[in-house]
Every structure is written in C-alpha cells, then in structure tokens.
Amino acid sequence: MSSGDDLYVLYRGPLASCNYDCPYCPFAKRVDPPAFLRGDKSDLQRFIGWVRETADRRLSVLFTPWGEGLTRSWYRDAIVELSHLPHVARVAIQTNLAARTGWLAAANPQVAALWATFHPGQVTLERFLARCRELDALGIRYSIGVVGLPDHHDAAVELRASLPPSVYLWINAADGHVYTAAEERRWTALDPRFGDSVRPHVSLGLPCHAGETAISVLGDGTVRRCHFIPAPIGNLYDGTWRTALRPRACSNSLCDCHIGYVHLKPLKLRDVYADGLLERIPAMWPPEASVMRDS
C-alpha cells in the first residue's frame, strides 16, 4: 500500500458531554441523556466497522469529540481495536486526560496516540503530570496543550518545566484574544510553533488536502471536506465518499483551527508533523535531538 493511498479521517459523533467546566468551552459540564449516549455508541461502532472493512486504504483516524470521549468505554475500545488493524497507521483522540489510562496497555503503542489538553483550574498540575507519567510507562505517544489565555501562562511555564523535553507542549491561541508582540514572544518561548496559531490564516482559494486526502465524518456517516465547511460531499456508508475525493481550494475566508489549517497545502505543515500529524507532534521534536541527528 503506497503513501498515495493515505486517508486522514476526523470523526466527530454526537457526543457533547464533558466532565470539565472550562469557561472558554460551550460544552462544559454538559450531560448527555442515556438515549443520546446509546446513539453515540451505535454510531461509533458502525464507523469502526467501516474502518475494519476499508482495508484498501491506509487510514489515520483522529477522534475530535465535542465532549470528553475517554470517559466512555466505547471510545477506549475503539482505539484499542483500531490500533491493531494492519491498515491503520495512527489512531488518536483529543482528550483532557482525566480518565484512567490503564486500558492503553492493550493498545498497539506504535499506532495509538493522544492529543491531550491541560486545563488549569479543572485539574491540579500534580494529578495531570501523574497521568503523563502513566502514558510514559505505557510507551504511548502524546502531546500536551494549553489554551493561551493570560491567566494560564504561569501554569503553562510550570507544566513545560515539569514535562520531559521529549514531550511537545503546544499553545492554542485563545478565541477572541488579540496578542501583543510581547505576549506572542512569551508564548512562543514555550511553543516554537505558536506562530501557526496566533493569527487566523487567510485561506480563501488556497489549495487544501481537505476533501482530497483528509475528510471529516459525522456520526451518521455524512462526509464533509473538513469540520469547518458544512456542505456534505458524500456519505461514508454508501460509498459516495470515494468519488468525492479530489483536489479542492478552500471556500472559507479564514482558517483558525489547527485541525483545519494543518491541511492547507501552502503552509506545508504535513511536512512539519509527518507521522505525528494527528497527535500534533512535530517530526523534529525535541529540536535539540533533531540537531544531534543531523550533525
């Protein structure tokens, strides 16, 4: 199977409940009723069946739930199963890392990975770092991120100092916050790639991998080119997604979310992240190690 058969799939089911109460998140402390959760589980299991059967492509799957997925057993089971399928190159999920991690011992550590976010005020640094140490012991790849709000900076500095240098710490620019030059320098000192996030990317008319080698999938199988362009281009379960894949230019004026702009071709961020694209780990990280490899 050649690299030309690669397909990045971002899956987002109906799940919207979360155990955290972050003031910057519209889904904080939302509770999904039991019938809603049963629907989310059923949708996910159908999606897993599609991944299992679609063995003619090399698939990389990122779960991007509105809420927290790893508190639900079906997301944990899905990651374990997908990590052992030979045509799945990577399976990752965005998570607050509040859930237990022992289940990852059953996953293939060469394939399973986590995109984790530290939320100051929702969890102590000590408890969060204990989860990171569990991942280290299990050999699971992960990145850690923080929303770049002014009152998060001290916690982010402490977090960076406490994490192993091999762990990439990313900073997301906060929605609606305009950064001064001094603020941008402070955050860039923690995340050398903060410049990718600090300002929205002008994207209208630019060529994008979305809709060509990356797709967004909803729980009912609706396929969109990306999460941020709502027009459907096909459905996962009737096969129309296959004929829909083709080179496309972005139809939005701006792209300001990492899972969107990472696919904009002119930015060449796929080269930056390579095999770490879904879990948001640059290929040359830590920078000192890449210098040593090149010397």
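Me: Before we start, what does "exposed" mean here, and what does "buried" mean?

Reply: A residue is exposed if its relative accessible area is over 50%, and buried if that area is under 20%. Keep in mind that this is a predicted model.

Me: Okay, which exposed residues sit on the face of α4 turned away from its buried side?

Reply: Those are Asp154 and Ala161.

Me: And which residues of α4 are the buried ones?

Reply: They're His153, Ala155, Ala156, Leu159 and Arg160.

Me: What makes you say that the buried residues of α4 line one face of the helix?

Reply: Look down the axis of α4: its buried residues fall within an arc of 155 degrees, so they line one face.

Me: What do the buried residues of α4 pack against?

Reply: They pack against α3 (125–138), β5 (141–147), β6 (169–172) and α5.

Me: Why is His153 called buried?

Reply: Its relative accessible area is 9%. The cut-off for buried is under 20%, so His153 counts as buried. You'll find His153 in helix α4.

Me: Which residues does His153 touch, leaving out those up to four places away in sequence?

Reply: Arg186, Trp187 and Leu190. Ala106, on the other hand, is 36 Å from His153 in space, C-alpha to C-alpha, and 47 residues from it in sequence.

Me: Why are α4 and α5 called roughly parallel?

Reply: Helix α4 (residues 153–162) and helix α5 (residues 181–190) pack at an angle of about 25 degrees. Angles under 35 degrees count as roughly parallel, and therefore that's the name for this pair. Their axes are 10 Å apart, and the crossing is left-handed.

Me: Which residues of α4 and α5 meet?

Reply: From α4 you have His153, Ala156, Val157 and Arg160, and they meet Arg186, Trp187 and Leu190 of α5. Sorted by class, this contact has four nonpolar, one polar and two charged residues.

Me: Which residues make the contact of α1 with α2?

Reply: On the α1 side there are Leu37, Asp40, Lys41, Leu44, Ile48, Val51 and Arg52, and on the α2 side Trp74, Tyr75, Ala78, Glu81 and Leu82. Eight residues of this contact are nonpolar, none are polar and four are charged.

Me: How do you know whether Glu53 is buried or exposed?

Reply: Glu53 has a relative accessibility of 66%. Exposed means over 50%, so Glu53 counts as exposed. Glu53 lies in helix α1 (residues 34–53). Pro65 is twelve residues from Glu53 in sequence, and the two are 23 Å apart in space, C-alpha to C-alpha.

Me: What about α3 and α4: at what angle do they pack, and what is the hand of the crossing?

Reply: The angle is about 35 degrees, with the axes 11 Å apart. α3 passes α4 in a right-handed crossing. Leu125, Phe128 and Leu129 of α3 make the contact with Glu158, Leu159 and Ser162 of α4. By class, that contact has four nonpolar residues, one polar and one charged.

Conventions:
Residues numbered from 1 in each chain as written. Predicted model: local features only at pLDDT ≥ 70, side-chain atom pairs only at ≥ 80, totals over all residues. Heavy atoms only, no water. Axes fitted to C-alpha atoms, helices over the stretch in contact; angles between N-to-C directions. Helix = DSSP H or I, 4+ residues; strand = E, 2+ residues; numbered from the N terminus. Parallel < 35°, antiparallel > 145°, perpendicular 65-115°, else oblique. Left-handed = near helix turned anticlockwise from the far one by under 90°. Contact = heavy atoms within 4.5 Å. Nonpolar A, V, L, I, M, F, W, Y, C, P; charged D, E, K, R; others polar. Buried < 20%, exposed > 50% of the residue type's maximum accessible area, 1.4 Å probe, protein only. Arc of directions from axis to C-beta.
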